[in-house]
Amino acid sequence: MPELPEVETVRRGLDRWVTGRTIGTVEVLHPRAVRRHAPGVADFVAALAGRRVDAVRRRGKYLWLPLDGRDALLGHLGMSGQLLVQPAGAPDETHLRVRFGFADGGPQLRFVDQRTFGGLAYSRGGAVLPAELAHIARDPLDPEFDDEAFVARVRGRRTAVKRALLDQTLISGIGNIYADEALWRSGLYWGRGTGTLPCPVVRSLLGHVREVLVEAIGSGGTSFDALYVNVNGRSGYFDRSLAVYGRQGAPCPRCGAPVVREPFANRSSFFCPHCQPAGSGEGQGRGGATRTGSVRLRARSRAAVSLDEYRSPRAR
Ligand SMILES: [Zn+2]
C-alpha cells in the first residue's frame, strides 16, 4: 500500500500536470471508484465538470485537489490505485475507473485501480481541508507538526511502538515499510512498549522517520508490489535502499545478522534481532539511545534530500 513518499511523489506529478487547468468532461467507468461519494455517480460528474484545479495537496496518504477556492476532489490510492496523466488519445488502461478530460484538450487525468480499494470523492467546502480528513493527524513533514506534543502522546500510550507509528490519528503517512525502516535506524524493537521510551529516544525516532521518508521521496518512493507508479507510470526505486523490510534472512546492513520476520496485525514486522533486541525497561532505553546516535550519523550522511529542502515553498 502506498505510504507518504509514494503519495507525495504522485502529488508532485499531479501538481505539475493539472494545477491551473479546468476540468472538462468526467467519465466514471466503474461506480465502485466513487462509492464514497454518497449522492452517486451523476452528482459526482456534475459537481466536477467546469471546475478549476487550484493545487494538489496531501495529508498522510490522502490527496485532494482544491477546486475554485471552495470545494475539493478527494482521492485515496488504496492498495493498487494509480493517478496517471495520459495523452487524450492513449488507449484505455485495463483497470481504468475514472477519466478526467480538461477544457484545454491536453493530457487527461486517469484513475486506474486494479483491486478497487482506492477511490475518489467530491468534498463540498473541502478546499482548505476536506472534513473527511479532519481526524487524520498532520504528517511528520508538515511544517506545523508538533514534535513535543507527539513525544508526549506516544509516551502516554500503552502500546507497541510500531502500533503508535501506524496510528493515523497520532502521526499520518507511515505504513509497514517506513515504520520498520525507521525502527531499524533507531535500534528499537517493533514491540517495544511506548511507555518505556525516554523522551530523547522518541525524538530520535521521529528524526529517523523523517529521514527515511525524505530519502524515499528522493527515490520516487518504494514500488514493492509493482502496482505503485508515479503519474507517468514509472516505478520508484527506494526498495533498493530498504534495510529490513521484505528482507527476511538477508544480512542486516549494519551488523550482518539475518533479518527476522515476525507476524504483526495480519502483516509482518521485519527487524534485526541484534540491532533491535526485544525487551523493555530503562536499561533498554539507554542502550537504544546510544545505538541511535551512531546510526543517526550514518543515516544523515546518506540522506539525498534535506528536510529543509523538502520544506522549502518551491518543493511543497
Ligand atoms: Zn543488525
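**Close-up views of a predicted model**

View 1. G246 is placed in the loop that runs between α6 and β9 (260-264). The model shown here and in the other views is predicted. With a relative accessible area of 33%, G246 is partly exposed, because this value falls between the 20% limit for buried and the 50% limit for exposed residues. S269 is 23 residues away from G246 along the chain, and the C-alpha atoms of the two residues are 8.8 Å apart.

**View 2. Crossing of helices α3 and α6.** Two packed helices are described by the angle between their axes and the distance between the axes. Here the helices are α3, residues 147-156, and α6, residues 199-218; their axes come within 10 Å and cross at roughly 120°. This angle makes α3 oblique to α6. The crossing of the two helices, α3 and α6, is right-handed. On the α3 side, the contact is formed by D147, E148, F150, V151, V154 and R155, which meet C199, V202, R203, L206 and R210 of α6. Of the residues in this contact between α3 and α6, 6 are nonpolar and 5 are charged, with no polar residue.

View 3. D71 belongs to strand β4, which covers residues 71-76. The relative accessibility of D71 is 7%, so the residue counts as buried. Its side chain has a polar contact of 2.8 Å with the side chain of R51. The D71 side chain also makes a polar contact with the side chain of Y122, at 2.7 Å. When neighbours within four places in sequence are left aside, the residues in contact with D71 are R51, L65, P66, Y122, S123, R124, G125, G126 and A127.

View 4. Strand β6, residues 96-102, contains R99. R99 counts as buried because its relative accessibility is 12%, a value under the 20% limit. The side chains of R99 and D92 are joined by a polar contact of 3.1 Å. Not counting residues up to four places away in sequence, R99 touches T25, V26, E27 and L29, together with D92, Q108, L109 and R110.

Notes: Residues numbered from 1 in each chain as written. Predicted model: local features only at pLDDT ≥ 70, side-chain atom pairs only at ≥ 80, totals over all residues. Heavy atoms only, no water. Axes fitted to C-alpha atoms, helices over the stretch in contact; angles between N-to-C directions. Helix = DSSP H or I, 4+ residues; strand = E, 2+ residues; numbered from the N terminus. Parallel < 35°, antiparallel > 145°, perpendicular 65-115°, else oblique. Left-handed = near helix turned anticlockwise from the far one by under 90°. Contact = heavy atoms within 4.5 Å. Nonpolar A, V, L, I, M, F, W, Y, C, P; charged D, E, K, R; others polar. Buried < 20%, exposed > 50% of the residue type's maximum accessible area, 1.4 Å probe, protein only. Polar contact = N/O pair within 3.5 Å; in protein donor to acceptor, adjacent residues only side chain to side chain.
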